[in-house]
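Trainee: I am new to this structure. Can you show me how to read helix packing and aromatic pairs?

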Amino acid sequence: AGNSEVVDDKQTAEVLFRFLRLDLNILLLGLKNSYTNDEVKECLLTLVKKEIDRLDRYIPYLKTKNWIQAPPLYPYTNPEIKEPLAINEVYLLYDHLLYRYNNVHQTRNFAALTSDADFRALLEVGIKILEKEIKVLEDKILYYGIKLPSPQPVNISSPESQEILKDQFMFNVVFRGMQDAMVLHGTAISEIVVNDELRKLFIDMTYEELFMIDKMDKYGKLKVWATIVPSYRGGS
């Protein structure tokens, strides 16, 4: 104590950055598992949004100070592209697009299998949102001159019976997939430190996922399809 050279400002900033990233990850996982209690969910949702905003403002500050360890840049972008792109950011774009290809393929199959008209309409809305997000990710990947992965087939065979899978099962599979997507998008925010515009893209995707999860959660509770965990009652 009293010696300002024991730990310099850059080290302090780096430690704080690691704490902020860890805090966001913990909050996202907590939010993923908090949908039984609406009050806890709303509290964590507020904290998640605050943490995302804090990280989004802190990363550019670290770059102005040259206090952040940036990953290597991706060297094969289109020559006319001047904005930098890190290697890990290429992976995140590619990984998210593959995840969305699987999501939309699964959702199309579930829409063909469901016997509930309301649930089918909800899934069709989800398909449109996924297709829009896929287009955004594909355009961004092509913009940087990266080859697209092979998508899942669009055509879905008509099932012989709609009783192959129960609606409640399909709802919970889709809902868990949305929760996983929320964590995947949110975690990417803290990993993108080179390309600020790309980080904002993942922030938008995270907020849209949070909005849709909230709607899906309310629908599941209305249909009594949501998985209810045992209640805890503390002793007197």
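Mentor: Start with two helices, H3 and H6. They run roughly parallel to each other, because their axes cross at roughly 30°. Keep in mind that the model is predicted.

Trainee: Now H3 and H4. At what angle do they pack?

Mentor: H3 covers residues 87–113 and H4 covers residues 117–143. They pack at about 155°, with axes 9 Å apart. Angles over 145 degrees count as roughly antiparallel, so H3 is roughly antiparallel to H4.

Trainee: Which hand does the crossing of H3 and H4 have?

Mentor: The crossing of H3 and H4 is left-handed.

Trainee: Which residues of H3 and H4 meet?

Mentor: On the H3 side they include Leu 93, Leu 97, Tyr 101, Val 104 and Phe 110. On the H4 side they include Leu 123, Ile 127, Leu 130, Ile 134 and Ile 141. By class, the contact has 13 nonpolar, three polar and seven charged residues.

Trainee: Next, aromatic rings. What describes a pair?

Mentor: Two things do: the distance of the ring centres and the angle of the planes. This structure holds 12 aromatic pairs. Take Phe 17 and Tyr 58. Their centres are 6.5 Å apart and their planes stand at 45°, so the pair is tilted.

Trainee: Where do Phe 17 and Tyr 58 lie?

Mentor: Phe 17 is in helix H1, residues 9–32, and Tyr 58 is in helix H2, residues 38–65. The pair therefore ties together parts 41 residues apart in sequence.

Trainee: Are Phe 17 and Tyr 58 buried or exposed?

Mentor: Both are buried. Now compare Tyr 219 and Trp 225. This pair is edge-to-face, with 6.0 Å centre to centre and 80° between the planes. Both Tyr 219 and Trp 225 are buried.

Conventions:
Residues are numbered from 1 along each chain as its sequence is written. This is a predicted model: local features need pLDDT of at least 70, side-chain atom pairs count only at pLDDT 80 or more; totals for chains, interfaces and linings use all residues. Side-chain values use heavy atoms; hydrogens and water are left out. Axes are lines fitted to C-alpha atoms, for helices over the stretch in contact, and angles run from 0 to 180 degrees between N-to-C directions. Helices (H or I, at least four residues) and strands (E, at least two) are DSSP runs, numbered from the N terminus. Angles under 35 degrees count as roughly parallel, over 145 as roughly antiparallel, 65 to 115 as roughly perpendicular and the rest as oblique. A crossing is left-handed if the near helix is turned anticlockwise from the far one by less than a right angle, and right-handed if clockwise. Contact means heavy atoms within 4.5 Å. Ala, Val, Leu, Ile, Met, Phe, Trp, Tyr, Cys and Pro count as nonpolar, Asp, Glu, Lys and Arg as charged, and the others, Gly among them, as polar. Rings of Phe, Tyr and Trp (its six-membered ring) pair if their centres lie within 6.5 Å; planes under 30 degrees apart count as stacked, over 60 as edge-to-face and the rest as tilted. Buried means under 20% relative accessible area, exposed over 50%, partly exposed in between (1.4 Å probe, protein chains only).
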